[in-house]
Amino acid sequence: MNQFQYIRPTKQKAAIDALAKDTSAQFVAGGTNLIDLMKRGVMNPQKLVDINKLPLGKIERENGGLRIGALASNTAVSEDKLVLSTQPLLAQALKAGASAQLRNVATVGGNMLQRTRCTYFYDTTMPCNKREPGSGCGALEGINRMHAIFGFSDKCIAVHPSDMSVALVALDATVLVSGPRGDRRIPFADFHRLPGDTPQKDTNLEQGELVTAVDIPDGPFTKNVHYLKVRERASYAFALLSVAAALSLENGTIKDARLAMGGVAHKPWRLNEAEKFLVGKPATEESFRQAADIAMRGAKAFKHNAYKLKLGPNSIVQALKNAAAVA
């Protein structure tokens, strides 16, 4: 068994200081991903900083939107009346993730920060630049059925596993963080990174920074929304591909749109150009297919995941049809 220290601060500053002074330390809350990684020898923190005593679990109205504390559980968020009435797309995405037991303990902050489920990352006998920089990417020429079709590099083709994050990037959320140099706000679209030459860096957090909350602005997306998750079994499975779709409709015309995909890139993949195309168009299958074609521009498959090039546009169309209630 690997030895490690365990501390449980009750003040936010004490938690941040503990990480800032020790680069081998890790925050832990629900632990649904970190503990697995420790057991497998993928991550070996020398100190765990348990943040569950910090007051970061509120779900409340703030500055014309919704603020969700980083320690709010996935279950609490998905069942909260404010979330259901103002951000139903987020509730749908959360309910599509993991199992009820995991959602009861997994937190919003931990969900955002979970690591890829690439089998080469988890298998310490295989090369993985994310786990061991410079060792190579076993998935490039290996079994890459679950891997990226957008935004990858020759160093890493892994995908981000979070369902919640796909909804949050579509909803223009902002991540609130606190660290040794103070507080800052990070647009959700900029929170996660593409792999580039440094796939070991999943996010743009700096050493010692703690995610404290997520802000979601109010918008018109309270009715015509749908989170579509395609997976190999009905529950407790990561997405082969997912789509978050939200529409603002008026007399059958799209006034505004939000679209994002999961299971296709190293970060939640926002479909900005497809959104722009949809504005002003009729909410029809023809419009949705044209938007899907735009969304898939630049996609490139590997040996085992070429199916995503067809599954992707079909899933976008279906998610938009479901959101718009188009038969």
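In what order do the four strands of the open sheet with antiparallel pairing stand? The order is E9-E10-E11-E12. The model is a predicted one, in which local features need pLDDT of at least 70 and side-chain atom pairs count only at pLDDT 80 or more, while totals for chains, interfaces and linings use all residues. Residues are numbered from 1 along each chain as its sequence is written, and side-chain values use heavy atoms, with hydrogens and water left out.

Strands (E, at least two residues) and helices (H or I, at least four) are DSSP runs numbered from the N terminus, and two strands pair if DSSP finds at least two bridges between them. Strand E11 (residues 253-262) is joined to E12 by two bridges, and methionine 261 stands opposite tryptophan 269 in E12. Helix H5 (residues 88-96) lies across E9 and strand E10 (241-250), at about 20 degrees to E9. Here contact means heavy atoms within 4.5 Å; axes are lines fitted to C-alpha atoms, for helices over the stretch in contact, and angles run from 0 to 180 degrees between N-to-C directions.

A further open sheet has three strands in the order E1-E3-E2, with parallel pairing. Its edge strands are E1 (5-7) and E2 (25-28), each of which pairs on one side only. Neighbouring strands of this sheet are turned by 20 degrees against each other on average, direction ignored. Four bridges connect E2 with strand E3 (residues 47-50) in the parallel sense, and valine 28 has aspartate 50 in E3 as its bridge partner. Helix H1 (residues 12-20) lies across E1, E2 and E3 and runs at about 150 degrees to E2.

The whole structure holds three cavities of 30 Å³ or more. A cavity is a set of points, on a 1 Å grid over the protein atoms alone, where a 1.4 Å probe fits but cannot get out; lining residues have an atom within 4 Å of a point. Grid points are joined across faces, edges and corners, and a volume is the space filled by probe spheres set on the points. The largest cavity has a volume of about 80 Å³. Its lining comprises 16 residues, of which Cys118, Cys128, Cys137, Cys156 and Ala158 lie nearest the centre. The second largest cavity contains about 50 Å³ of space, and its lining includes Arg115, Lys130, Asp202 and His266.

Technical notes
1 Å grid on protein atoms, 1.4 Å probe; cavity = no way out; pocket = protein on both sides within 12 Å on 5 of 7 lines; lining within 4 Å.
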